[in-house]
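Try each one before reading its solution.

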Amino acid sequence: MDSPGQHAAPPEISSGTEDRAAQIAALFREHNRTLVAFLQARLNSRADAQELAQEVYVRMLAMKDADPIAAPRALLFRIAANLAVDRIRMRAVRANAPADVPDDDWFAQPIPEQHASALQQWREVRAALRELPAKTSKAFVMHVIEGRDFGAIAQTMKLSERMVRYHVSNALAHCRARIQPSETP
Amino acid sequence: MMAMTFSGAGDRVTQTASQWWARLRAEDPSDHTIEQWLAWMEEDEAHARAFEEVSRLSQRLGQADSHAREAFVSEFVGAAERRVRWPLWLGAVAASLLVAVLGGRMLDSMSRLQAQPYASDVGQNRDLALPDGTRVALGGASSITASYADDLRKIELREGEAFFNVTHERRPFEVVAGPVLIRDLGTAFNVRRTGDRVAVAVTEGRVRVTPPGGADALEAAAGQQVLYDPRHGVSIGPIAVDDATAWRGRRLEFVNEPLFVVVASINRYSRRPVQIADERVGALTFTGTVRVDAIDRWVEALPRVFPVQVSAFGDHVVLSSAEQH
């Protein structure tokens with residue numbers, strides 16, 4: 001799905017001048033990897049990141065001004081950052097919508113085949129998190145697994161956002177060092 | 001920020017990559033932050049790769065299924081304040097001094113390790129979530145106690161019936177049912193206890209069942225039932241997985257069960273308990289279904305299939321041998 005060598009094709013060029021198109025094609029060649037990396041970090045989803053990256057190029061192509069863009073890379077990432085903020089806001093709205101009825105017939109659902117290997121992964125993560133100070137693993141689980149933002153965690157844990165960020169990055173580095181990346185992400 | 005001290009594992013590049021990742025996760029990173037990050041990313045291919053790897057790990061964790069999610073939250077979020085971490089340098093002597101100083105608080109934290117009881121009423125099934133995310137369905141009039149220590153999760157089935165869907169983790173998961181010890185080996189299983197007679201039906205994965213007296217342990221897989229009976233010892237046989245948990249749908253399924261087991265089971269659902277007047281009746285074997293909402297009718301019909309007599313009293317029913325009269 002997102003093997004390293006596989007990049008999305010540059011978007012179809014439908015508007016703007018030849019120069020503009022060439023400029024954006026160059027941006028794509030040079031910065032697409034970091035753009036997707038940036039959006040993936042923002043959205044915690046590679047699929048969403050790739051989709052939004054396409055949207056960024058389309059927006060740049062659609063800009064009215066025909067002159068070459070002065071600081072194209074900065075603009076590329078600013079548009080991306082804004083689109084990411086919109087997407088995160090949209091997700092929050094969706095998360096606040098009434099949830100599906102919780103499924104209390106859990107025992108009747110067969111657990112999928114890959115459950116065993118998935119559990120192995122979780123065992124490793126759990127073992128890694130147990131090696132960390134309680135606050136560090138707590139902040140990390142709240143952010144990465146529960147999906148809460150730093151502000152909310154800071155409030156709950158009575159810490160500054162900066163400390164939350166510190167705990168989360170420590171835990172992430174620790175887990176990354178302890179867990180072998182799987183072949184198929 | 002990049003100079004902060006660090007105590008966990010991981011090389012410097014991974015640590016820096018994680019710090020950048022966390023920094024980009026904040027509300028809305030400024031253009032300046034993004035510029036700095038880009039400069040770092042482009043400085044070295046290893047930087048970009050390390051960043052992509054921590055990002056991928058985070059995404060994988062973010063996609064945890066609800067089972068795993070609950071287990072993580074209950075262990076690391078719910079319980080974080082409770083976890084007691086002893087500094088490594090603290091030897092036994094220092095620890096004993098600390099007991100004197102912190103006595104009260106320590107006793108408090110130790111008492112949390114004490115057995116937590118759970119019980120259900122007659123006629124009521126009850127679903128529970130244990131602290132590790134393990135799910136337990138208790139049958140009617142059943143009770144368990146859960147004792148979670150650092151190295152073992154131990155459940156005692158005191159009476160009745162319970163279905164366990166065990167969350168897998170480092171600590172072994174054991175169920176003690178009277179004389180029988182059941183150890184989870186990656187599993188969902190049902191345990192029914194009737195006095196010292198214990199039936200363990202595996203619906204998923206495997207369990208190891210150790211009967212009393214040091215006899216050999218048996219391993220049972222999904223679709224198998226281990227039965228321990230004080231008179232006949234231990235045996236293993238096939239069972240329909242659906243039958244083993246049919247009680248959750250308020251149907252009790254029995255295959256060649258002695259009537260005393262059947263009656264003990266229905267009594268957990270009946271307001272009017274059934275008593276067995278003599279052993280011969282209790283030893284009759286029954287195969288079939290009893291619907292929880294139609295226990296009275298089932299009891300009334302018994303004399304048609306068994307040589308028994310039913311005597312109804314105000315608050316109980318007596319089953320006796322038909323020949324006695």
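**Exercise 1.** What is the mean pLDDT of chain B, and what share of its residues reach 70 or more?

*Solution.* Begin by keeping in mind that this is a predicted model. Averaged over chain B, the pLDDT is 82, and 84% of the residues reach 70 or more. Finally, turn to the complex: the predictor assigns an ipTM of 0.81 and a pTM of 0.48.

**Exercise 2.** Work out which parts of chain B touch chain A.

*Solution.* Start with the totals: chain B brings 54 residues to the contact and chain A brings 52 residues. Then go through the elements of chain B that give two or more residues: helix 1 (12–25), helix 2 (31–43), helix 3 (45–62), helix 4 (66–78), strand 3 (135–138) and strand 5 (153–165). Helix 3 of chain B supplies the largest share, 12 residues. Last, sort this side of chain B by class, which gives 24 nonpolar, 13 polar and 17 charged residues.

**Exercise 3.** Compare the span of helix 4 of chain B with that of a straight helix, then find its buried residues.

*Solution.* At 1.5 Å a residue, a straight helix of 13 residues would span 18 Å. Between its end C-alpha atoms, helix 4 of chain B spans only 16 Å. Now check burial, counting a residue as buried if 20 or more other C-beta atoms lie within 10 Å of its own. In helix 4 of chain B, the buried residues are B:Ala68, B:Ala71, B:Phe72, B:Glu75, B:Phe76 and B:Val77.

Technical notes: Residues are numbered from 1 along each chain as its sequence is written. Chains are lettered from A and ligands numbered from 1 in the order in which they are written. This is a predicted model: local features need pLDDT of at least 70, side-chain atom pairs count only at pLDDT 80 or more; totals for chains, interfaces and linings use all residues. Two residues are in contact if their C-beta atoms, placed from the backbone, lie within 7 Å. Helices (H or I, at least four residues) and strands (E, at least two) are DSSP runs, numbered from the N terminus. Ala, Val, Leu, Ile, Met, Phe, Trp, Tyr, Cys and Pro count as nonpolar, Asp, Glu, Lys and Arg as charged, and the others, Gly among them, as polar. The expected span of a helix is 1.5 Å times one less than its number of residues. A residue is buried if 20 or more other C-beta atoms lie within 10 Å of its own, exposed if 12 or fewer, and partly exposed in between; C-beta atoms are placed from the backbone. pLDDT is the predictor's confidence in each residue, from 0 to 100.
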